[in-house]
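This report describes selected features of the structure shown below, beginning with a sheet and continuing with individual side chains.

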Amino acid sequence: MPGSGGLWLYLPPEIMRLRILSCLLLLAVCFDAAASDLYTAINRLRAGEGNCAVAEKLPPLKPQAALERVARDLARGDKLEQSLKAAGYRATRSNALWFSGDGVGAQVAGMLAKQSYCQQLQDAAMTEVGIYLDDRQVWIVMAAPFSPMVGVSAQSAGQRVLDLVNQTRATRRNCGNTAFNAVRPVSWNAALFEASRLHSEDMARYNYFSHSGRDGSDPAQRVERAGYRYRATGENIAGGQMKPEDAMAGWIKNPPHCANLMNPAFTEMGVAFAVDRKSEMGVYWTQVFGTPR
């Protein structure tokens, strides 16, 4: 029984649960509002406000739900790489910032204005952000999503590779232990381009990297399917390169591929790339050489 002068109030369990739920919802709303304010503060610092001077204008970081999940998982003790994978977020670069202490949510914007944090917020490679905060800690996760892109048209890429191939063939060079003299240039061939395009698209779509096609075809068979009747043919492949120059640099460094580039028997060439962000390498290149009958 309550003593004199006290207050005793009985509430049914259902009412108690509703009150607790209302308090939790109110707390969640407060945290959401604080996170929203923090997104704004971060992008102001990224833009050069306060102590964060900028050398160039950067686009704001975009809030990303998957990164918010990653930040929440980090608050629960998970590792960054594992959390990104669990959230289905593929990043080329990522970074996480952690702040803890009583009332840290109200203080973190001021903490971020320090020069060391300014540099991290102004990393131009980072484009997306996720935030998690509660009454004791704040996690900020920034990332650059995996976004493969060549940036030029198929025609421009083909012409660039053709120019680089002929520059390469114009100079004597060693491919591994084999020496090659300078050889005559090759010309563009539409059928060899088609064979290249189909194989690059197949590798990108079905996420594999091989001279052997999914149907068991070899390069010579694919050339014939494209309508090219050959006396000699050869194929180079590359994966992950975002520029024609990078694909060529890789082929030159690889002795068998370099030997194809310098092979005096070849007189024609086609090359193509394909992009699929869901694939492991993102970008796939195929280069096919030939000599017609």
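The model is predicted. Within strand β3, Glu128 is the bridge partner of Lys62, and Val129 is the bridge partner of Pro63. These two bridges join β1 to β3 (residues 128–133), and the two strands run parallel.

**The sheet and its helices**

Strands β1 and β3 belong to an open sheet of four strands, ordered β1-β3-β4-β2, in which the pairing is mixed. The edge strands, each pairing on one side only, are β1 (62–63) and β2 (91–100). Strands of a sheet pair through backbone hydrogen bonds, in either a parallel or an antiparallel sense. Between β3 and β4 the sense is antiparallel, with six bridges, and a hairpin of three residues connects the two strands. Across this pairing, Tyr132 stands opposite Trp139 of β4.

Strand β3 is mostly covered, five of its six residues being buried. Helix α2 (residues 65–75) lies across β1, β2, β3 and β4 (137–145), and it runs at about 40° to β3. Helix α4 (residues 104–112) lies across β2 and β4, at about 120° to β2.

**Aromatic rings**

How many aromatic pairs does a search of the whole structure find? The search finds five. A pair of aromatic rings is described by the distance of the centres and the angle of the planes. The table gives these values for two of the pairs.

| Pair | Centre to centre | Angle between planes | Arrangement |
|---|---|---|---|
| Trp188 and Phe193 | 5.8 Å | 40° | tilted |
| Phe266 and Phe289 | 5.5 Å | 10° | stacked |

Phe266 lies in the loop between α10 (255–262) and β9 (268–275), whereas Phe289 lies in strand β10 (residues 283–292); the pair therefore ties together parts that are 23 residues apart in sequence. Phe266 counts as buried because its relative accessibility is 2%, under the 20% cut-off. Phe289 is likewise buried, at 0% relative accessibility. Trp188, by contrast, is partly exposed, with a relative accessible area of 36%.

**Charged side chains**

Two arginines are placed over aromatic rings. Arg90 lies over the face of Phe146, at 3.7 Å from the ring centre. The charged end of Arg214 sits over the ring of Tyr206, 3.5 Å from its centre.

Arg214 is also one of the residues touched by Asp202; leaving aside residues up to four places away in sequence, Asp202 touches Asn207, Tyr208 and Arg214. Asp202 is found in helix α7 (residues 190–206). Is Asp202 buried or exposed? Asp202 is buried, because its relative accessible area is 18% and the cut-off is under 20%.

Note on methods. Residues numbered from 1 in each chain as written. Predicted model: local features only at pLDDT ≥ 70, side-chain atom pairs only at ≥ 80, totals over all residues. Heavy atoms only, no water. Pairing = 2+ DSSP bridges. Contact = heavy atoms within 4.5 Å. Axes fitted to C-alpha atoms, helices over the stretch in contact; angles between N-to-C directions. Buried < 20%, exposed > 50% of the residue type's maximum accessible area, 1.4 Å probe, protein only. Phe/Tyr/Trp six-rings, centres within 6.5 Å; stacked < 30°, edge-to-face > 60°. Lys NZ or Arg CZ within 6 Å of the ring centre and 35° of its normal.
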